[in-house]
Amino acid sequence: MSFRDFHGNQETVTRIREMTARSRFPHAVIISGPEGAGKFTLAQMIAKSLNCLEQPRHDGLADFCGHCSNCRRIAQADDLDARFAEAIETRDAMREADKRDSRILIQTHPEVLLVPPDPPQMLIKVGQVRQVIDSVFYKPVEARRKIVIFTQSAFMKEAANSLLKVLEEPPEYATLMLLTENPGELLPTIRSRGVTFTLSALPVSELEAALSAVRTDLKPAQRELIARLANGAMGRALSFKLEEYVSARVHGLTVLRSAVAGGDHSELFKVTETYRAGADGREQTDRLLRTLYALLEDLLVLKSGTPELVRNRDIQGELGRIAQQVDFDWIVQAAQRLNEVERGMRRNLLRSLSLDAFAVSLEK
Ligand SMILES: [Zn+2]
């Protein structure tokens, strides 16, 4: 791995690498961008390049070797979701008394601290920031720089105020990075202390080009479909599970057709019957709901006379036929009902029944 493996937003990445090469990397940075844009991947790359023992240069720009002991230890946290799940599991296994004081932090290298939002509220809490403060004022021993990465920017108020104190006078050797989908969520006083790097959503053509380099197993039409469905996010495009999506879409279309046609719902019931309770069923239902939203969006786009924006391009004919049978109000109502199904599921209402009810309630 190297900075050259980062897809998209090359101007921003080059700026970062120039700053790093001149040892001018700021003490506080905000990396903003939509979900899947690669904010965390980039932050990890920065952490490695600042602390790599070999510090290779490519075209005069900073990079990292990927195999020295610092790079390797930092890379153990590349799979953030897995490390996060482990941290939660460890806390869940604690005695009640200890649990209360335990804060979720991830540290695979002694000088690199990752701070994810703390469940169940999924906010960064003051206890976490206090631990950052405890650690950040100790000079790094095993690396040049002390690095803290806040993986999201939803801070509890007191936590944000504590963070501000660190940002006002960060130690010379420290770099704090805040990752955010929405910089407006951060206190203006925090924003003004950091340098902001923005990762923007990528055009479909750029996603397609990246996909054609790595997903040679896919047909061009499939790559185009993924590029359109990825919402400008390279991470999402590269890890997109097309087969799963297409099978959820087959079900989504059955639900929509059943809702539009009314009357006989046997096909619908055959589909919804397969949605069971439990974690698997939950994931399957989540996928179906997300797919239904995407299909409704396409119907809306068709109704608005902007077919070039349809994302499910490969089934545009079928979507066109459905669009002819419904009006704006129906689509809006369907989106609202879908939202109710989603909320019902969070309260653990029976999945299959709420999906049936969804379709039946939209009958024309
Ligand atoms: Zn290295």
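This is a predicted model: local features need pLDDT of at least 70, side-chain atom pairs count only at pLDDT 80 or more; totals for chains, interfaces and linings use all residues.

Reader: Where does N9 sit, and what's its phi?

Author: N9 is in the segment before helix 1. Its phi is positive, about 50°, although N9 is not a glycine.

Reader: What about M122, where is that and what's its phi?

Author: M122 is in the loop between strand 5 and helix 6. It isn't a glycine either, and has a positive phi of about 55°.

Reader: And how accessible is M122?

Author: M122 has 36% relative accessibility, so it counts as partly exposed.

Reader: Which peptide bond is cis?

Author: The one from P119 to P120, with omega near 5°. P120 lies in the loop between strand 5 and helix 6.

Reader: OK, switching to packing. How many residues are in the largest nonpolar core?

Author: It has 37 residues, and those with the most contacts inside it are F25, I31, L42, I46, L114 and M177. Among the elements that each supply at least two residues are helix 1 (10-21), strand 1 (28-32), strand 5 (112-115) and strand 7 (174-180).

Reader: Which element gives the most?

Author: Helix 2, with seven residues.

Reader: What is I31 in contact with?

Author: Leaving aside neighbours within four places in sequence, I31 contacts K39, A43, I46, M177, L178, L179, T180, F197 and L199. There is also a second, separate core of 31 residues, which includes L296, W330, A334 and V341.

Reader: New topic: K146. Buried or exposed?

Author: Buried: the relative accessible area of K146 is 6%, and the cut-off for buried is under 20%. K146 is in strand 6.

Reader: So what does the K146 side chain reach?

Author: The backbone oxygen of S135, at 3.2 Å. Not counting residues up to four places away in sequence, K146 touches E111, S135, V136, Y138, P140, Y173, A174 and T175.

Reader: Last one, helix 7. What length should it span?

Author: Helix 7 covers residues 157-168, twelve residues, so at 1.5 Å a residue it should span 16 Å. The end C-alpha atoms are 17 Å apart, which agrees.

Reader: Which of its residues are buried, and what do they pack against?

Author: The buried residues of helix 7 are A159, A160, S162, L163, L164, V166 and L167. They pack against strand 1, helix 6 (126-136), strand 6, strand 7 and helix 8 (188-191).

Terms used: Residues are numbered from 1 along each chain as its sequence is written. Side-chain values use heavy atoms; hydrogens and water are left out. A nonpolar core is a set of buried Ala, Val, Leu, Ile, Met, Phe, Trp, Tyr and Cys residues joined through side-chain atoms within 4.5 Å. Buried means under 20% relative accessible area, exposed over 50%, partly exposed in between (1.4 Å probe, protein chains only). Helices (H or I, at least four residues) and strands (E, at least two) are DSSP runs, numbered from the N terminus. Contact means heavy atoms within 4.5 Å. The expected span of a helix is 1.5 Å times one less than its number of residues. A polar contact is a pair of N or O atoms within 3.5 Å; within protein, one must be able to donate a hydrogen and the other to accept it, and residues adjacent in sequence count only if both atoms are side-chain atoms.
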